[in-house]
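Here is a short report on one chain. Look over the sequence and the structure, then read on.

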Amino acid sequence: MKEDQLINIKTTRKIDATWKLFPGRFFILTLWVLFLACNQRKDLIDAPLYEGPLSSMDSAITQMSDSGIVVMQLETALQNNFENGDREWPSGFKIKWYNSRGKVTSYFSANYVFYTEADKIYHAEGNVIVRSNIKNDELNTEELFWNQSEEKFYTEKFVTIKSEDEAHTGEGMESNQDFTEYRILKPSGTFTLEDDPNRPNQRDVPLNPGNSN
């Protein structure tokens, strides 16, 4: 009986000693865990949000067809796709439109293009060219917007439009998508092009939709 009491007394003392020691250590450990968690959360909050593309495509060729006939082809060295539906062509793109016989009717290219899904507008910059093989007219400017839904081009920048034997210049322009009808908003001049045998024929565009040159 005395031995049992002695064991109980020793056990009680050990429990009391452990209880006195444990809460302090447990409290410190809890604080340390909370400190680490708060720091990690702060790092996550302070970290800049990733706004880059979700995916990229190299050397991409995209074709649109109607009843099995290719009507448009887009070629690019790089295309970036974003989460919100926006798209970017950092190295620009080339677009060709085709008729039912597979001949190129119009052409559109630029050094840089960004498409905004919210308003469905293409914003092209740098050496922008739009060419109509139907009328043999060519537009040159440094900035152009393309509204694909309304099938029209427009800009407020300086433009030069070359035809068979003359060129028109001015600020601002609106045209339909195949560039057969256009209007310079602020014309500044018209001049005749010199006869140059080395001047390329604007109709000399590949007729094969699969040819990327």
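## Aromatic pairs and what surrounds them

The structure holds 13 aromatic pairs. One of them joins Trp97 and Trp146: the ring centres are 5.6 Å apart and the planes stand at 90°, so the pair is edge-to-face. Trp97 belongs to strand S4 (residues 93-98) and Trp146 to strand S8, so the pair ties together parts 49 residues apart in sequence. Both Trp97 and Trp146 are buried.

Ring pairs link Trp97 and Trp146 into a cluster with Trp89, Phe93, Phe108, Tyr115, Tyr122 and Phe153. This is a predicted model.

Charges also sit over rings. Arg87 lies over the face of Tyr115, and Tyr115 is a member of the cluster. The charged end of Arg131 sits over the ring of Tyr107.

| Charged residue | Ring | Distance to ring centre |
|---|---|---|
| Arg87 | Tyr115 | 4.5 Å |
| Arg131 | Tyr107 | 4.7 Å |

## The chain as a whole

How many helices and strands does the chain have? There are one helix and eleven strands.

The chain has 213 residues, and 33% of them count as buried. Its exposed surface comes to about 14300 Å². Carbon and sulfur atoms supply 54% of that area. Among contacts between residues at least 6 apart in sequence, 39% join residues at least 24 apart.

Thr105 sits in strand S5 (residues 104-110). Is this residue buried or exposed? Thr105 is buried, because its relative accessible area is 14%, and the cut-off for buried is under 20%.

Leaving aside residues up to four places away in sequence, Thr105 touches Trp97, Tyr98, Asn99, Arg131, Ser132, Asn133 and Ile134. Two of these names have come up before. Trp97 is in the edge-to-face pair with Trp146. Arg131 has its charged end over Tyr107.

Phi of Asn127 is near 50°, a positive value in a residue other than glycine. Asn127 is found in strand S7 (residues 121-132). Its relative accessibility is 40%, so Asn127 counts as partly exposed.

Asn136 is not a glycine either, yet its phi is positive, at about 65°. Asn136 lies in the loop between S7 and strand S8 (137-147). Is Asn136 buried or exposed? At 4% relative accessibility, Asn136 counts as buried.

Asn127 is partly exposed, whereas Asn136 is buried.

Strand S10 (residues 166-176) and strand S11 (residues 182-192) run antiparallel. How many bridges join S10 to S11? Nine bridges do. Across the pairing, Glu171 stands opposite Lys186 in S11.

Five residues lie between the strands of this hairpin. Phe179 takes a positive phi there, near 60°.

Key: Residues are numbered from 1 along each chain as its sequence is written. This is a predicted model: local features need pLDDT of at least 70, side-chain atom pairs count only at pLDDT 80 or more; totals for chains, interfaces and linings use all residues. Side-chain values use heavy atoms; hydrogens and water are left out. Helices (H or I, at least four residues) and strands (E, at least two) are DSSP runs, numbered from the N terminus. Buried means under 20% relative accessible area, exposed over 50%, partly exposed in between (1.4 Å probe, protein chains only). Rings of Phe, Tyr and Trp (its six-membered ring) pair if their centres lie within 6.5 Å; planes under 30 degrees apart count as stacked, over 60 as edge-to-face and the rest as tilted. A charge sits over a ring if NZ of Lys or CZ of Arg is within 6 Å of the ring centre and within 35 degrees of the ring normal. Contact means heavy atoms within 4.5 Å. Accessible areas come from the Shrake-Rupley method with a 1.4 Å probe; for residues, only the protein chains shown count as cover. Two strands pair if DSSP finds at least two bridges between them.
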